[in-house]
Amino acid sequence: MSAIDDVVREECAKSPEFAAEYHKEVERLDAALALVKLRDEEGMTQRQFAAATGKTQSTIARIENGNMNPSIKLLREIAEALGRKLEFRFVKVG
């Protein structure tokens with residue numbers, strides 16, 4: 001574990017509000033990374049990816065940089081446009 005992990009763990013233990021916001025941010029970044037990975041697998045630029053999925057390039061950019069919390073509907077539309085299936089899983093925390 002890194003020093004950052006230790007600080008985050010301590011802050012989460014102290015503040016339920018911090019913990020909730022931290023976990024929301026982790027989810028947003030997980031979605032961003034998954035989208036970047038998918039786009040890389042497809043070998044596309046953001047502009048090409050946007051055109052292929054019927055979304056704007058700015059929408060793709062906002063998701064990828066973590067400034068947008070994409071809805072399940074939006075992620076499903078992106079997946080389906082590329083012949084993919086959106087999957088979810090629940091993991092135990094802690």
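This is a predicted model: local features need pLDDT of at least 70, side-chain atom pairs count only at pLDDT 80 or more; totals for chains, interfaces and linings use all residues.

User: What makes the pair of Phe18 and Tyr22 stacked?

Analyst: A search of the whole structure finds one aromatic pair. The ring centres of Phe18 and Tyr22 are 6.3 Å apart and their planes stand at 10°. Rings pair if their centres lie within 6.5 Å, and planes under 30 degrees apart count as stacked, so with 6.3 Å and 10° the pair is stacked.

User: Why are Phe18 and Tyr22 called partly exposed?

Analyst: Phe18 has a relative accessible area of 33%, while the value for Tyr22 is 31%. Buried means under 20% and exposed over 50%, with partly exposed in between, so Phe18 at 33% is partly exposed, and so is Tyr22 at 31%.

User: Which residues does Val8 touch, and how do you know whether Val8 is buried or exposed?

Analyst: Val8, which lies in helix H1, touches Phe18 and Tyr22, not counting residues up to four places away in sequence. Its relative accessible area is 16%, and because buried means under 20%, Val8 is called buried. Val8 and Gln48, by contrast, are 37 Å apart in space, C-alpha to C-alpha, and 40 residues apart in sequence.

User: Why is Leu38 called buried, and what is Leu38 in contact with?

Analyst: Leu38 is found in helix H2 and has a relative accessible area of 14%. Since the cut-off for buried is under 20%, Leu38 counts as buried. Leaving aside its neighbours within four places in sequence, Leu38 is in contact with Phe49, Ile78, Leu82 and Arg84.

User: What makes a group of residues a nonpolar core, and which residues are in the largest one here?

Analyst: A nonpolar core joins buried nonpolar residues through side-chain atoms within 4.5 Å. The largest one has 10 residues, namely Leu35, Leu38, Met44, Phe49, Ala50, Ile60, Ile63, Leu74, Ile78 and Leu82. H2, helix H3 (46–53), helix H4 (57–64) and H5 each supply at least two residues of this core. Ile78, one of its members, is in contact with residues including Leu35, Leu38, Phe49, Ile60 and Ile63, leaving aside neighbours within four places in sequence. In soluble globular proteins, nonpolar side chains tend to be buried together.

User: Which residues of H4 are buried, and what do they pack against?

Analyst: In H4, the buried residues are Thr59, Ile60, Ala61, Ile63 and Glu64, and the buried residues of H4 pack against H2, H3 and H5. Just after H4, Gly66 takes a positive phi of about 80°.

User: How many residues line the largest pocket, and which helix gives the most to the lining?

Analyst: The lining has 36 residues, of which Val26, Glu27, Asp30, Ala31 and Arg89 lie nearest the centre of the pocket. H2 gives the most, with 13 residues. By class, the lining has 20 nonpolar, four polar and 12 charged residues, and the space in this pocket is about 1600 Å³.

Key. Residues are numbered from 1 along each chain as its sequence is written. Side-chain values use heavy atoms; hydrogens and water are left out. On a 1 Å grid over the protein atoms alone, a cavity is a set of points where a 1.4 Å probe fits but cannot get out, and a pocket is an open set with protein on both sides within 12 Å along at least five of seven lines; lining residues have an atom within 4 Å of a point. Grid points are joined across faces, edges and corners, and a volume is the space filled by probe spheres set on the points. Helices (H or I, at least four residues) and strands (E, at least two) are DSSP runs, numbered from the N terminus. Ala, Val, Leu, Ile, Met, Phe, Trp, Tyr, Cys and Pro count as nonpolar, Asp, Glu, Lys and Arg as charged, and the others, Gly among them, as polar. Buried means under 20% relative accessible area, exposed over 50%, partly exposed in between (1.4 Å probe, protein chains only). Contact means heavy atoms within 4.5 Å. Rings of Phe, Tyr and Trp (its six-membered ring) pair if their centres lie within 6.5 Å; planes under 30 degrees apart count as stacked, over 60 as edge-to-face and the rest as tilted.
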